Amino acid sequence: MSAAGPDFYSPKTLAEALEVRGRTGAIPLAGGTDLLVRRRSWAGTLPEIDEPVVFIGAVPELSGAEETETDAGRTLRVGAGVTYADLLVDSRVPELLRDSIAELAAPGLRNVATLAGNICNASPAADAVCALYALDASVELASAAGTRTVPIGEFILGPGRTTLGIDELVVAVSIPQIEGNRVFYHKVGTRRANALSKLSICAHATVVGDTVAAVAVALGAVAPTVVRVREAEELVRSAPVSGIESRIESVLDAYRPFVTPISDQRSTAEYRTEVALGLVKRFLGEYLIAPGLAKNPA
Ligand SMILES: Cc1cc2nc3c(=O)[nH]c(=O)nc-3n(C[C@H](O)[C@H](O)[C@H](O)COP(=O)(O)OP(=O)(O)OC[C@H]3O[C@@H](n4cnc5c(N)ncnc54)[C@H](O)[C@@H]3O)c2cc1C
């Protein structure tokens, strides 16, 4: 076992990492861009962590991304140690996820921060998580006792809450290659870098001729977890693109009960609701018809 200090473990294999996690309940540390900030009491102070910590960044089994073929089709399996910087230059990563990562934090942070950290932090405003909901991603977990795979919408329970067991680590995120020919990402923040979302939309659709063959819309920071409303998507699926406009009000009505944001230092509930529904309307009512439309109008 490799330990850099009595309470800091830097395992060199997944088996070692799972053994440490199971035996000590050590807190997983990836890029540290959430964990270390959360444990800092004030600007200029060092983070205070009394519990053991297990650094997962040196575990080779958690690095790299690979394409796999499953019954559900082609899937990209991204290891829990892979950084955003690596994902941004990987052409196999769906455009929607790359678009969300390109506006997440800033380059310095993206060199160390991970998808798995964004998921386990379980913020309703987590930008990559919003894209993962739209892409029907699943989370692969492991403990010394075995592995399990959970859809992302079942893994995240609420702000800061997940089903991660005390002896488990996230080992990978599996992303089905289902993205269609309409990809729409829009983040509303106070500035372009290092700004958490006031709200966001991650959406994609497949338009064949005049028909919406598939559609998925996820909304971030408008409820305790990212919002996907399957009934609303059903109202659009198989519909003619030319007839979408007549369905928009019913679609927005289907979203309303689920768009229940809070007011906080970043925005008000009213603003978040109005802009989120406006972006759904923009995606379905305008972008599906005219994909050349600017996604981020000034
Ligand atoms: C200045 C700044 C700007 C930011 N901007 C954004 C932004 O625009 N959008 C956004 O969404 N986020 C933003 N963040 C938050 C953060 O960068 C992301 O959430 C990032 O993805 C966290 O990844 P990490 O690897 O650094 O996680 P860490 O901080 O290492 O871990 C986060 C949590 O996940 C757990 N964890 C990590 N890996 C695993 C694993 N493999 N298994 C089990 N648990 C694990 C940790 O124990 C911890 O609880 C910002 C942060 C900062 C400091």
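Strand 7 (residues 138–143) is largely enclosed by the rest of the structure, because six of its six residues are buried. The model is predicted. The burial extends to both faces of strand 7. Ser-138, Glu-140 and Ala-142 are buried on one side, and Val-139, Leu-141 and Ser-143 are buried on the other.

Which strands are joined to strand 7 by bridges? One is strand 11, which runs antiparallel to strand 7 and is joined to it by five bridges. Within this pairing, Glu-140 has Ala-172 of strand 11 as its bridge partner. Another is strand 8 (residues 146–151), also antiparallel to strand 7, with six bridges between the two. Here Ser-138 stands opposite Pro-151 of strand 8.

Helix 7 (residues 127–134) can be read in the same terms. Eight of the eight residues of helix 7 are buried, so this helix is largely enclosed by the rest of the structure. The buried residues are Asp-127, Ala-128, Val-129, Cys-130, Ala-131, Leu-132, Tyr-133 and Ala-134. After helix 7 comes Asp-136, which has a positive phi near 55°.

The side chain of Lys-187 makes a polar contact with the side chain of Asp-127 at 2.9 Å. Lys-187 belongs to strand 12 (residues 182–188). Is Lys-187 buried or exposed? Its relative accessibility is 9%, and buried means under 20%, so Lys-187 counts as buried. The side chain of Lys-187 also reaches the backbone oxygen of Ala-195, at 2.8 Å.

Asp-127 leads on to the ligand. There are 32 residues around the ligand, and those that come nearest are Pro-28, Thr-33, Asp-34, Tyr-84 and Asp-127. By class, this shell has 21 nonpolar, seven polar and four charged residues.

For Pro-28, a backbone N or O atom lies 2.6 Å from a ligand oxygen. For Thr-114, a polar side-chain atom lies 2.7 Å from an oxygen atom of the ligand. For Asn-118, an N or O atom in the side chain is 2.8 Å from a ligand oxygen. On its own the ligand has 990 Å² of accessible area, and the protein covers 90% of this. Which elements give two or more residues to the shell around the ligand? They are strand 3 (27–29), helix 2 (35–38), helix 6 (115–121) and strand 11 (169–176).

Helix 4 (residues 95–102) gives another pattern of burial. Its buried residues are Leu-96, Leu-97, Ser-100 and Ile-101. Seen down the axis of helix 4, these residues fall within an arc of 130°, so they line one face of the helix. An α-helix has 3.6 residues a turn, so residues three or four places apart point the same way.

Arg-77 is in strand 6 (residues 73–79). At 22% relative accessibility, Arg-77 counts as partly exposed. Arg-77 and Ala-131 are 54 residues apart in sequence, and their C-alpha atoms are 15 Å apart in space. Ala-131 is one of the buried residues of helix 7.

Two loop residues remain, each with a positive phi without being a glycine. Ala-221 has a phi of about 65° and is found in the loop between strand 14 (211–220) and helix 9 (230–236). Ser-238 has a phi of about 75° and lies in the loop between helix 9 and helix 10 (248–255). Which of these residues is buried, and which is exposed? Ala-221 is buried, with a relative accessible area of 10%, whereas Ser-238 is exposed, with a relative accessible area of 57%.

Terms used. Residues numbered from 1 in each chain as written. Predicted model: local features only at pLDDT ≥ 70, side-chain atom pairs only at ≥ 80, totals over all residues. Heavy atoms only, no water. Near = heavy atom within 4 Å. Polar contact = N/O pair within 3.5 Å; in protein donor to acceptor, adjacent residues only side chain to side chain. Areas by Shrake-Rupley, 256 points an atom, 1.4 Å probe, with all protein chains shown as cover. Helix = DSSP H or I, 4+ residues; strand = E, 2+ residues; numbered from the N terminus. Nonpolar A, V, L, I, M, F, W, Y, C, P; charged D, E, K, R; others polar. Buried < 20%, exposed > 50% of the residue type's maximum accessible area, 1.4 Å probe, protein only. Pairing = 2+ DSSP bridges. Arc of directions from axis to C-beta.
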